[in-house]
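Dear colleague,

I am passing on the structure we spoke about, together with a short account of what came out of looking through it. Please open it alongside this message and read the two together.

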Amino acid sequence: MPTPPVPTLERQRRQALMDRLVNEEGFAPLGSGRADVRTSAAQHAKKQDGVNYARWIRDEEKAFRRGEPSFLPSWFRPALDSGTPIRLPEPQIEEASAEDHASARARDLQIAVRELITGTRYPVINPECILVDRHLVRSYSRKLGDYVLRESTPRTWLSGTPRVAGVAAPAGRKFIFTGAQNDAPLHAAFWDNLQALALHDECEIVVGPLTYETTWWSEHNPTARSYAVGLREYLCFGQMELGDHFVFCGEMNTLPTASNPVSDLVTYPRNRWAVFPHAKRQLKSVPSTDPTVQAHQVMTTGLVTVPKVIPRKAGVKSLFHSVLGAVLVEFDHEGNPFCRQITAAEDGSFYDLDRRVSDGVVTSGHAVKALVCADLHLRKLDEGNALATFGTLPGLNAAYAGSMLEVLRPEHVMLHDIFDNESRNHHHVGDNGYALEMWERGRDSVRSEVYDVATFLEHLDDPSRKTVVVESNHDLALERFVREARYRNDGPNIRYGLELDRQYLAYRSRAGEALDRGDRPEKFSLLETAVRGMEPEIPNTCWAYDGHSFLVDGIECGHHGFRGTNGSKGTIAGFARTGRRMSVGDKHSPEINEGVYVAGAMQLHQGYNKGPSTWAVAHIIQYQDGHRSIVTLQKGRWRAEKPRVRVKA
């Protein structure tokens, strides 16, 4: 389409403007080559009204040479008359402004990010929450002697939490959650085994993405949005809500080198169970405001990709804690979540309960190495939780088909706080009301409480496993009862107290003689002495004595958890600093921190706990390959499968 002719009046205006700029204001004419001025008249005029004056002067020159009326500037005519060549710039396509370039860059990045977060099985349903803004910077131009605007890297913001479509009623469904680092190779064997388990159990696999040394919206780094090909369709960049009690936080892009990935995220899920994608295994219990309702948990997944970090302190340290892993979540018919950690060996194989997955094949019937039970406190034992764990109880005409002991067949059963000392606990000395309650309920006999322990151990004793009583603070309360001679003014317990005192003093005499000889005193537990004095048949039961080690395949299982380093109080952080993998009890609050696993309690209501509580009913499973998992019971069930409780005839 031809360019419409410029009206005569407009041509005259342009001619006058060019003459004024050169003759009066000192701007350079076209092609003058002068260096003492800032710019040419044509360029300056273009900035004012947007007209391409260089092109207009060329058009006027063509008209002049054709003998047509021309409105060339006066400073241009002498050059034409003399035949001097005029250096006119070639007409150019209008160059985009800095604002245009910045907008184009922001638009392209916005498209790339949206394609990333919406192109999977779990697309983000509110991609508009990610805002990509153009970015302009003001810089000084030496050429122009003034400040100019230049485009820069687009800026990206979140205006809300990215979300994916959730599941309103997850009852009966299963999920496997894991994580993946960008630009990191996939651990093919582990991925194949996860897919095999997912197919076997009809699970959905969800992969939470992480980035290292970049972000998903890095403009110049294409690896920021690069994930292993086999994982891409499973990536979940948003928050996935499953029912009212669980959330997967795929939007939480935490650095793989973070040393405490969930320490400041316990409130983020808002009173729901939560799983966060991360390389380091960690689990925290979040308080419930009702002590009769167990705490929910937040935990990390482990990754399905091979670690890839910078060889500096943070990166090298993270390799030690990096886990090939996942979290398997089952929902029962009521929608309660059951979470278990999956940790793979270097070859990608892993255990889950009695199953082993290797080379893409799922096999079952494998015995576990150890079952570290939640603190028992036999006198306050919750029968539902105990049946789910042990299957049967002495004196109870009911059996739980498919209990943990029956399915897992552990080689070691570790029992913490088996004795409660409810009858004469030192915390209630001088409490007349508590003493009356114990008497009226027929629970004021120390001998009777010890007898309950002996009966339980005899019922549990089996040649197929080793039952280990981990001497705990409540077990030691029996010794304190004797040492403080509180039995002397205690009618129901004075005779038994004298009997125990005689045995305790005999031990102290033997210990003194051993020390005088330069020998170590024998290991001793007054509770063990009292239990064995009742002559139960417990040939497969032993004690892990207070202050001594009991290793199960290199994992410390002999410490209850109430004693810390150098006489201090035992804390999880303190145990983590020992560098030894440990499985402990005492805290009643499930936790995983740097190789230290903490079991819960069999009974949430102990009588003395009031107010917000992090307690939960949870056991620790130790597999044959040394990896562990915490299994949390819900309403008398240890997995989503409906319990089968049979009443004996």
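For the classes used below, Ala, Val, Leu, Ile, Met, Phe, Trp, Tyr, Cys and Pro count as nonpolar, Asp, Glu, Lys and Arg as charged, and the others, Gly among them, as polar. Please keep in mind throughout that this is a predicted model.

On that basis, the residues lining the second largest cavity divide into 6 nonpolar, 3 polar and 1 charged; they are Gln181, Pro256, Ala279, Leu303, Pro307, Lys308, Val309, Ser318, Leu319 and Ser322, and the space they line comes to about 50 Å³.

The largest cavity has a volume of about 60 Å³, and its lining is made up of 2 nonpolar, 5 polar and 3 charged residues, namely Glu471, Tyr545, Asp546, Gly547, Gly558, His559, His560, Gly561, Phe562 and Arg563. In the whole structure, the search finds 4 cavities of 30 Å³ or more.

I also looked at one of the sheets, an open one in which 4 strands follow the order 4-3-10-11 with mixed pairing. Its edges are strand 4 (204-210) and strand 11 (337-343), each of which pairs on one side only, and from one strand to the next the twist averages 25°. Strand 3 (residues 174-181) runs parallel to strand 4 and is joined to it by 7 bridges, with Thr178 standing opposite Val207 of strand 4.

With best wishes

Terms used:
Residues are numbered from 1 along each chain as its sequence is written. This is a predicted model: local features need pLDDT of at least 70, side-chain atom pairs count only at pLDDT 80 or more; totals for chains, interfaces and linings use all residues. Side-chain values use heavy atoms; hydrogens and water are left out. On a 1 Å grid over the protein atoms alone, a cavity is a set of points where a 1.4 Å probe fits but cannot get out, and a pocket is an open set with protein on both sides within 12 Å along at least five of seven lines; lining residues have an atom within 4 Å of a point. Grid points are joined across faces, edges and corners, and a volume is the space filled by probe spheres set on the points. Two strands pair if DSSP finds at least two bridges between them. Helices (H or I, at least four residues) and strands (E, at least two) are DSSP runs, numbered from the N terminus. Axes are lines fitted to C-alpha atoms, for helices over the stretch in contact, and angles run from 0 to 180 degrees between N-to-C directions.
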